[in-house]
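Let's take a quick tour of one protein model. Have a look at it first, then read on.

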Amino acid sequence: MKKIAILVGSLRKQSYSLMTANALKAMAPSSIALDIVDIGHLPLYNQDFDAASPDSYDAFRKQIASYDGYIFVTPEHNRSFPAALKNALDVGSRPWGQNIWSGKPGGVVSTSIGGLGGFGANHHLRQVLAFLNVQVLQQPEAYIGNTMAVFDSDGNVVDEGAKGSLSRFIEAYAAWVDKLS
Ligand SMILES: Cc1cc2nc3c(=O)[nH]c(=O)nc-3n(C[C@H](O)[C@H](O)[C@H](O)COP(=O)(O)O)c2cc1C
C-alpha cells in the first residue's frame with residue numbers, strides 16, 4: 001500500500017476543501033492510504049531560513065518526504081490557489097537542490113462555492129507543480145463547483161455529480177501511483 005499526503009489549501013475549520021479531502025480519503029481504493037497533512041502552522045517562507053530552518057520546517061520536510069505521492073485539494077483565492085498552499089510548496093522546495101516534491105505522483109482537485117470549480121486555482125497550481133517536477137495526473141481533471149450544495153452539514157457528499165467526479169479522480173490517481181511505482 002502506498003502512503004499519500006493530502007494538502008488542503010484552506011485553513012478554516014468548516015472548509016469545503018477539507019470536506020472534499022475527507023471524502024477522497026473515504027472513497028480511496030485499498031492500494032493507497034491518504035493522510036491529511038497540516039500546513040497552517042508553517043511560518044511564511046523566508047530565504048534566511050535556508051541557513052537556519054525553524055523546527056516546523058524540518059519536521060514538515062521529513063514528513064512530506066516519507067510519502068509516496070501528493071494530492072492537493074485547493075479552493076480558489078482571487079483566481080489562484082491560496083498563499084498557505086504556496087507557502088508549503090515553497091518550504092518543501094528549498095534549500096536549492098533539495099526539492100522534496102520532485103518525481104512523485106501528484107493530483108489536483110479544486111473547489112469553489114461558484115460554478116467554475118476553481119479552474120484558475122487548479123491551473124495556477126499545475127504551473128507550479130510542473131516546475132517542482134511533481135508527476136501530475138492530467139486526466140480526469142477534478143473541478144468541484146457549487147460546494148455549498150455538494151455536502152450535507154456532516155460533510156457527506158450528497159451531490160451525485162460531484163461524487164462521481166471524485167470517485168473517477170481517486171481511482172485514476174491510484175492507477176497513476178501504481179503506474180509510476
Ligand atoms: C480571499 C478570498 C478570495 C476568493 N476568491 C475566489 C475566486 O477567485 N474564485 C472563486 O470561485 N471563489 C473565491 N472565493 C470564495 C471561495 O470559493 C469560498 O470562500 C470557499 O468556500 C473557500 O474554500 P473553503 O470552503 O475550502 O475554505 C474567495 C474567498 C476568499 C476568502
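Lysine 2 sits opposite isoleucine 32 in strand β2. This is a predicted model, where local features need pLDDT of at least 70, side-chain atom pairs count only at pLDDT 80 or more, and totals for chains, interfaces and linings use all residues. Residues are numbered from 1 along each chain as its sequence is written.

**The strand pair**
- Strands β1 (residues 2–8) and β2 (residues 32–36) run parallel, joined by 5 bridges.
- Two strands count as a pair if DSSP finds at least two bridges between them.
- Helices (H or I, at least four residues) and strands (E, at least two) are DSSP runs, numbered from the N terminus.
- Together, β1, helix α1 (residues 16–27) and β2 form a right-handed β-α-β unit; right-handed says that, with the strands pointing away from the viewer, the path from the first strand over the helix to the second runs clockwise.

**Helix α1**

**Over at glutamine 63**
- Glutamine 63 belongs to helix α2 (residues 55–65).
- Why is glutamine 63 called partly exposed? Because it has 15 other C-beta atoms within 10 Å.
- The C-alpha atoms of glutamine 63 and leucine 24 are 20 Å apart, and the two residues are 39 residues apart along the chain.

Key
A residue is buried if 20 or more other C-beta atoms lie within 10 Å of its own, exposed if 12 or fewer, and partly exposed in between; C-beta atoms are placed from the backbone.
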